[in-house]
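These are my notebook entries on one structure. I record what I looked up, entry by entry.

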Amino acid sequence: MTEKNRRAAALLHHRAVALKRGEPIAPPIVQSSVFHLPGEPEADYQYGRFGHPNWDAVEAQLAIMDDAPCVAFPSGMAAIASVLYTNLTSGDRIILPSDGYFTTNAFAQEFLSPMGVTTTLHPTATLHQLSFDGAALVFLETPSNPGLDVCDIAAIAEKAKSAGACLVVDNTMMTAFGQRPLDLGADIVVSAATKAPGGHSDALLGHVASRDDELITRIRDWRRLAGAIPGAMDAWLVHRGLETLDVRLERMCSTAAVIASRLHDHDAVISVRYPRLKSDPSYSVGKNQMDNFGSIIGLTLKNKTVAEAFLSACPSIAQTTSFGSVHSSGERRARWGDAVPDGFVRLSIGCEPVEELWTAIEKALVGAVNGN
Ligand SMILES: *Cc1c(COP(=O)(O)O)cnc(C)c1O
């Protein structure tokens, strides 16, 4: 039995221990902002900003996945902001990936910098070469989004520890079923359940996980006082999504491996990034710390025109941003200003049967190249 499978099985039955005879197996959606509270304010649930049954249900699942206490937030960015606001103070320096999720860097620039927090940007692939001396916090994403470069989490954790810096890993790309940064020495994990955990393009949620109880208490206090709280329905949707995450990821990652290797061999393609390709720069570090190789493929086509023609011509690829859904999707990342070629497409592989998806992709690819 693998550790991942143990957690996947436990997740499906987490409610069993507390269930009384006649209670529902699926958690009810509790659409209430207030709770019956006579006399002294002592009850598990008091007011909707302090605590809520649907947060508890989804946090119990996430805690099993990360093997750590978890705090749910209304989005991945709310989770990230809570960690940065609760851990930093004026005069601190932080290290962020220059090739990471754009919004995290924008947040640091807009809101941390005026508070006196300075930021050093550094690429993921060479993070191990950077000195962490004097840094209060190191933030990493591996594989990076959208470039799919990786860094060795255990080695970075050791470096951060000896420099006295807190290591935060954004694990959105992999989820805890694909990679467990806390087991590799990270202090804090943040993640957007908006992506694969929700998985159906219908909910936003984020979470913070840490084995440091004091830190988790502070994050929970932050949520209660700042008011960055998830809605009951989104928490419920992600709870439902997490129950099939393991099986969806199996399909998505195995399909991604097939599609990536066929794209890699295809004449119409300039280059492909996918960590499972043995020729990929991320393969050797990735295989040591990842339980799967993910469902995201970086596909570079000749130019913007060919890339847009490909996306428009493929009925099996939803033209949208985000990733990790049952619906395969794709977009040209340069449209958001990412430092990638104009013809770079981030493909997120969903749950379509592999040969149907490949047939649609190849037809659109050949059409786009021949037509342009
Ligand atoms: C999407 C994403 C986020 C932010 O999640 P939201 O739910 O959109 O706020 C953070 N980090 C990474 C790597 C992401 O892909």
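Which atoms of glycine 76 lie 2.8 Å from an oxygen atom of the ligand? I found that a backbone N or O atom of glycine 76 lies at that distance, 2.8 Å. I note that this is a predicted model, in which local features need pLDDT of at least 70 and side-chain atom pairs count only at pLDDT 80 or more, while totals for chains, interfaces and linings use all residues. Residues are numbered from 1 along each chain as its sequence is written, and side-chain values use heavy atoms, with hydrogens and water left out.

**Entry 1: the ligand.** I looked up methionine 77 and found one of its backbone N or O atoms 2.8 Å from an oxygen atom of the ligand. For threonine 194, an N or O atom of the side chain is 2.6 Å from a ligand oxygen. On its own the ligand has 380 Å² of accessible area (Shrake-Rupley method, 1.4 Å probe), and the protein covers 93% of that 380 Å². I counted 13 residues around the ligand, a residue being included if one of its heavy atoms lies within 4 Å. Helix H3 (residues 76–87) gives the largest share of this shell, three residues; helices are DSSP runs of at least four residues and strands of at least two, numbered from the N terminus.

**Entry 2: arginine 346.** I located arginine 346 in strand E12 (residues 344–348). Is arginine 346 buried or exposed? Arginine 346 is buried because its relative accessible area is 4%, and buried means under 20%, exposed over 50% and partly exposed in between (1.4 Å probe, protein chains only). I traced its side chain to the backbone oxygen of serine 322, at 3.5 Å.

**Entry 3: asparagine 145.** I found asparagine 145 in the loop between strand E4 (137–141) and helix H5 (153–163). With 6% relative accessibility, asparagine 145 counts as buried. Its side chain makes a polar contact with the side chain of arginine 346 at 2.7 Å. Such a contact is a pair of N or O atoms within 3.5 Å; within protein, one must be able to donate a hydrogen and the other to accept it, and residues adjacent in sequence count only if both atoms are side-chain atoms.

**Entry 4: glycine 350.** I placed glycine 350 in the loop between E12 and helix H11 (354–371). Glycine 350 counts as buried, at 0% relative accessibility. Glycine 350 and serine 295 are 55 residues apart in sequence and 7.6 Å apart in space, C-alpha to C-alpha.
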